[in-house]
Every structure is written in structure tokens, then in C-alpha cells.
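Hello,

Here is the structure for your files.

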Amino acid sequence: MSILIIEDDVTLNKNIRESLLAEGFQVESVFDGSLAERMLKKTTYDCVIMDINLPGKSGFELCKTFRIHNTITPVLMLTAFSELEDKVTGFNCGADDYLTKPFFMRELVLRIHSLIKRRKLADNASENSAVMVAGDITINYATKKVFKQNSEVILTPREFQILVQLCEKEGEIVSKSHLIKEIWGSSVDINTNTIEVYINFLRGKIDKPFGTNRIKTKIGYGYYLDS
């Protein structure tokens, strides 16, 4: 499995590289956002580790442009800040996960394994069931495309995964803890606020533009897709 590290801190880049090599990953390192953009266009990786504050092009810009031609490869963002606004921006640009510096290398490795595992599970699901329809929402597992009222809706990988969970259990309440376990895995510590952020993103794409209110909240329990 191949990993691309995009981190301008030479020491941190080296430490991450050594930790991942010890885990058996194939690793490439880059220190500049503009150079990383060119590498991402010509090479496919199993996971990308991306710092936010980069010379040449920021992690936010880089992730956003990367998602134009690749919506599949997991992206883990690194930052020195822990503000919710930074996380919202990162997720909105298409990041799958977020890790605040300083962090333990073991946690980074666990998150990478979780991201890659979820990607493989999603790929396997697409082979078993090509299309799912939940009312006016159609999900194509193979192409990872979503349509609402016959109009394509562009979602980030995490938004796609959450919508799949809601659609597969249409009308049933899906708890935050269930979403975290199914999408991030039990070995990763994810704040429930992260789920709230993604649900708001989904409502802004699935409901608001169409004047509908299908994604609903059951306070104290979770979320459900109104049938």
C-alpha cells in the first residue's frame, strides 16, 4: 500500500515516513503544495497525508483541487490548530479525517489503516450492489455518484458514506456512534461534533437546493432519512 506524505516540516515528515515504512507501507514524501499537486495528478496512492499550512499551495486548496479528479483516495489532514472552523473547512474541501499536532505516531497509523479499510469495504459493497434507490435519491456504488430528483449531487467521500448509511436504513434512526463505528472504525477517536458538521453539509446538498427536508434529527437519538 502506498502513502504520500505532504508536510513541509522536515523532521515531522521524516518521522512519519519512518513510522509508515516500519508498518510496511510504500512511502513518498513531498514538502511543497504545488509539487504535491503534480504528483497527485500522475500517481495513485492508497492514502494521502496532507498538512494544511504548505508553501506553494495550502492543504485546503490542494485537497479541493484533488477532489475534482479523485473522490476515492482517503485524505488525512494535519494541522497545528484544533479550531472547529479549521475542521469544517478541511472536511468541506474533501478531507476524510483530521489529526491535530502534536499527535502520537501510533494514532496516525491506526487512522490510516482505518481509512484504507473503509475504502476497501466500500469498493466491495459496490461489487455486490450496483445501485440503491431511496425515494428521490439514487446512489450508484460503482461510480460513487449520487442523484437527487435526477440531478447529480457532488459529495465528498465522507458525505457519500454517511448518506449511504442513512439510505440503507431509510426511515430508521441511525445514531452518531453507529456512524462513527461504521465509517471511521472503533479504533479511532472521533468527536460527535464531526458527524454534526457532515450532516449539515449533506443537508446543504441533498435537501436545501431541492426544497426538501429528508435528513432529519431525532434529538438524543441520531438521524434518519424520512421516507
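A pocket, on a 1 Å grid over the protein atoms alone, is an open set of points with protein on both sides within 12 Å along at least five of seven lines. A cavity is a set of points where a 1.4 Å probe fits but cannot get out. Lining residues have an atom within 4 Å of a point. Points are joined across faces, edges and corners, and a volume is the space filled by probe spheres set on them.

The model is predicted: local features need pLDDT of at least 70, side-chain atom pairs count only at pLDDT 80 or more, and totals for chains, interfaces and linings use all residues. Residues are numbered from 1 along each chain as its sequence is written, and side-chain values use heavy atoms, without hydrogens or water.

(Helices are DSSP runs of H or I, at least four residues, numbered from the N terminus.)

Now the cavity. The structure holds one of 30 Å³ or more. The largest cavity has a volume of about 30 Å³. Its lining is Glu37, Leu40, Lys41, Leu62, Thr65, Phe66 and His69. Helix 3 has the largest share, with four.

Best regards

Definitions and conventions:
Helix = DSSP H or I, 4+ residues; strand = E, 2+ residues; numbered from the N terminus.
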